[in-house]
Amino acid sequence: MASAPQLPIFYNGLEPLSSETHANYKVRPANTAPFLAGQHAIPVTVEEFPLIQRYMPIVFSAGDDPVPIALMGLNEGVNVFVDAGGALVDDNVYIPAYVRRYPYMLTRLRPDAEELSLCFDPTSPTIGDFEDGEPLFADGQPSELTRNILQFNENFEQAAARTNQFMTEIREMGLLMDGEVTIQQEGNDQPFVYRGFQMVDEAKLTDLRGDQLRKMSQSGMLPLLYAHLFSLSLMREIFARQVRAGQMPAPMPM
């Protein structure tokens, strides 16, 4: 994370999008995402769980205020889904909305502001005063592209709010526990041990009262928890991808 002020991952800065300042700005299509290379953990929303669990593990960050994250690699600096230039190595994969919204974001321009403003990262090579590209404004008004970008970011903020509520509920129910995955690679005496994340305690989930489970099932919360649990089996698939790519650290003692 950046500091002073703190910025989310990927973002090097934020500038409010303005029909006056950025009247001639255009957006160029991008086939690669260099900012994604080297990022192994990506924030996700609960609505994405059913899709993400098919491709990558879903875990929860450590600490008192955890968030759900998709693991695109098991080790810092490793992303097995893109190459060093940020190109997908496999087109058949779901890309989290957090990645797809970059370089845009809705944010408050002042701490006391009620409304969110559409901002962008001015260091992104996809937006600028270019000769070519799709315009962000036409006759001083937002173009269809800008309206679509705004709608996508509004939808993301709504999904993030629902995710925060989901996290509050599972914390209050005491369903999270420290996670640990041990993988023994053939030819290595010492296993690879992965910690530093949280996961749902399946035993506690199973022991919930019938009325609690029924309520969670009716609200759609229970299937999301099991999507998370099912996705954990992909840890070994991500590990195998790292082995094939030669991106493994030294094994750690138990």
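The points below are grouped by topic. The model is predicted: local features need pLDDT of at least 70, side-chain atom pairs count only at pLDDT 80 or more, and totals for chains, interfaces and linings use all residues. Residues are numbered from 1 along each chain as its sequence is written, and side-chain values use heavy atoms, with hydrogens and water left out.

**Helix 7**
- Helices (H or I, at least four residues) and strands (E, at least two) are DSSP runs, numbered from the N terminus.
- Met235, Ile238, Phe239, Arg241 and Gln242 are the buried residues of helix 7 (residues 235-245); buried means under 20% relative accessible area, exposed over 50%, partly exposed in between (1.4 Å probe, protein chains only).
- These residues lie on the same side of helix 7, because they cover an arc of only 160° around the axis, taken from the directions from the helix axis to the C-beta atoms.
- Their cover, by contact (heavy atoms within 4.5 Å), includes strand 14 (192-194), strand 15 (197-200) and helix 6 (221-231).

**Aromatic rings**
- Rings of Phe, Tyr and Trp (its six-membered ring) pair if their centres lie within 6.5 Å; planes under 30 degrees apart count as stacked, over 60 as edge-to-face and the rest as tilted.
- The count by this rule is 10 aromatic pairs.
- One of them is the tilted pair of Phe35 and Tyr102, at 4.4 Å centre to centre and 45° between the planes.
- Phe35 is in the loop between strand 2 (26-27) and strand 3 (41-43), and Tyr102 in the loop between helix 2 (97-101) and strand 6 (104-107), so the pair ties together parts 67 residues apart in sequence.
- Phe35 is partly exposed at 24% relative accessible area, whereas Tyr102 is buried at 12%.
- One aromatic cluster is formed by Phe10, Tyr11, Phe35, Tyr98, Tyr102 and Phe156.
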